[in-house]
There are 2 protein chains.
Amino acid sequence: MKLLVVDDDPDLLSLVGFALSQSGFVVVKAVDVPSALRVFAAESPDLAILDINLPGGSGFDICEAIRKQSRIPVMMLTARGEEEDLVRALDIGADDYLTKPFSPRTLLARVRALLRRSGLESGGAMTVGSLSLDLESLVLHVGAAPPVKLTKLETRLLQILLANAGHVVGTERLLTHVWGHRGSGDRQLLKQLVHRLRHKIEVDPGLPKVLKTEPGAGYRIDEVQA
Amino acid sequence: MKLLVVDDDPDLLSLVGFALSQSGFVVVKAVDVPSALRVFAAESPDLAILDINLPGGSGFDICEAIRKQSRIPVMMLTARGEEEDLVRALDIGADDYLTKPFSPRTLLARVRALLRRSGLESGGAMTVGSLSLDLESLVLHVGAAPPVKLTKLETRLLQILLANAGHVVGTERLLTHVWGHRGSGDRQLLKQLVHRLRHKIEVDPGLPKVLKTEPGAGYRIDEVQA
DNA sequence: GTACGATGTTACCGAAATGTCACCCCGGCG
DNA sequence: CGCCGGGGTGACATTTCGGTAACATCGTAC
């Protein structure tokens, strides 16, 4: 489970980073808005913890940018006594907030709660419609059909598509999520991966019912009724 | 994304220029009214940041001149304690203002907010009247009619036309927005693109109701009633 | 080392998107 | 009238995109 933490205070950043990685999370960090957006695009974290006051913008900007692409849980950090920020945060689509100062223990509890609420709890499976993907064992259940064993890359591809079910996910975003910065620009990799995945999960790979192509835009998975 | 910044203080100009280009914007500058107008005409920026007190005129003049041609977001800069200026600024058609001194962080946040509001920031959907364009999935909804699938170029064309709904967008600006500097000067490309787009979105492509031609100037989209 | 599955690479096909060209219509003008 | 110039239109060429297959390479279990 990968978490993005954005704060301009390096002390707080390392403290929080330490606490979270102690608990088994992978933590990626950023100190300002532009780098946060870069990291978000490059790493596709599963949850974001955003400070509101940042050099070069505010956590609101990051939150909005994230919401345009993703439904991952977002937690905002605010200084004491800026309650009006909270309204705006929740308005923009944040899922929770925490008032500084806070204890690592509190943070951890909130993070776990968020992950549980959003169904991304570590090790668990993500379910959308009649699709259920187990991220640990790399097994996919499609309706009542026998489970399918997937490869690492296939799982990552499905993960991001399911996390954005109903929305188109752009080619470039898929590439960076599955392969990281390396695969950037290489559509061929994606073509092949989609091709192979379809052969595993589609009844008729020639007429995909699950993993749809959006010409010129990317790919999409809709809620499928069993 | 290209921004025009006009201020007579070279220090402020370079500071702001630095902050903005750090965040990935292209910045063009001017120090007085005449050069600002020249630069605006030559560069077709997507947003303008105008100081009010300028040698040889005021930011109001620039704002008015811009408003005659374009609907791009305009932000005015004012010195502290000149609130009556603000009224006039908003009256004239400015979209936002900032009181000096301000932090680069604040400026950046406001600029982003403006771009987002005007639909020029990537991502999301933009709606004008009964037209709704989804920039991610390249789909356009026209009133209650079935959605239309657009191509990348068609989407870009509509994007800039919708962002300037109600105003004529000049040929040259359309060309550079859709094709980048490459297509500069090639009106044939634009003719074809408009032609093809009209066939997709107009009831009678021969008598366009949505995408209107402004002979000698460019094209325009008005608010269409549902 | 060998065998096997996973992944990366290259090539080809057909369709769609885009670019290019030739010609039309129309209004202004000498 | 014939000659522009701006736009519109249709036909066609070229490029890009997505799907598919075949083969190469890599890593790991045995």
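Visitor: Which residues does Leu157(B) touch, leaving aside those up to four places away in sequence?
Guide: Leu174(B), Val178(B), Leu193(B) and Leu197(B). Keep in mind that this is a predicted model. For each of those pairs the C-beta atoms, placed from the backbone, lie within 7 Å.

Visitor: What makes a set of residues a nonpolar core, and which ones have the most contacts inside the largest?
Guide: The members have to be buried nonpolar residues joined through C-beta atoms within 7 Å. The largest such core has 40 residues, and those with the most contacts inside it are Leu157(A), Leu140(B), Leu157(B), Leu161(B) and Leu162(B). Helix α6(B) gives the most to this core, with five residues. A second, separate core of 35 residues includes Val5(B), Val6(B), Val27(B) and Ile66(B).

Visitor: Why are α6(B) and α7(B) called oblique to each other?
Guide: Their packing angle is about 135 degrees, with the axes 9 Å apart. Roughly perpendicular stops at 115 and roughly antiparallel needs over 145, so an angle between those limits counts as oblique. The two helices, residues 152–163 and 171–179 of chain B, are therefore oblique. Their crossing is right-handed.

Visitor: Which residues meet where α6(B) packs on α7(B)?
Guide: From α6(B) you get Leu153(B), Arg156(B), Leu157(B) and Ile160(B), and from α7(B) come Leu174(B), His177(B) and Val178(B). By class, that contact has five nonpolar, one polar and one charged residues.

Visitor: Over in chain A, what makes α2(A) and α3(A) roughly parallel?
Guide: Helix α2 (residues 33–43) and helix α3 (residues 59–69) of chain A pack at about 25 degrees, with axes 10 Å apart. Anything under 35 degrees counts as roughly parallel, so that's the label α2(A) and α3(A) get. The crossing here is right-handed.

Visitor: What residues sit on each side of that contact?
Guide: Val33(A), Ala36(A), Leu37(A) and Phe40(A) in α2(A) meet Asp61(A), Ile62(A), Ala65(A) and Ile66(A) in α3(A). They divide into seven nonpolar, no polar and one charged.

Visitor: Which residues of α7(A) are buried, and what do they pack against?
Guide: Leu174(A), Leu175(A), His177(A) and Val178(A) are the buried ones. They pack against α6 (152–163), β12 (169–170), α8 (187–201) and β14 (218–221) of chain A. Gly180(A) follows α7(A), and its phi is positive, near 75 degrees.

Visitor: What percentage of chain A counts as buried?
Guide: 33% of its 226 residues. Chain A has eight helices and 14 strands. Among its contacts between residues at least 6 apart in sequence, 52% join residues at least 24 apart.

Terms used
Residues numbered from 1 in each chain as written. Chains lettered and ligands numbered in written order. Predicted model: local features only at pLDDT ≥ 70, side-chain atom pairs only at ≥ 80, totals over all residues. Axes fitted to C-alpha atoms, helices over the stretch in contact; angles between N-to-C directions. Helix = DSSP H or I, 4+ residues; strand = E, 2+ residues; numbered from the N terminus. Parallel < 35°, antiparallel > 145°, perpendicular 65-115°, else oblique. Left-handed = near helix turned anticlockwise from the far one by under 90°. Contact = placed C-beta atoms within 7 Å. Nonpolar A, V, L, I, M, F, W, Y, C, P; charged D, E, K, R; others polar. Buried ≥ 20, exposed ≤ 12 C-beta atoms within 10 Å, placed from the backbone.
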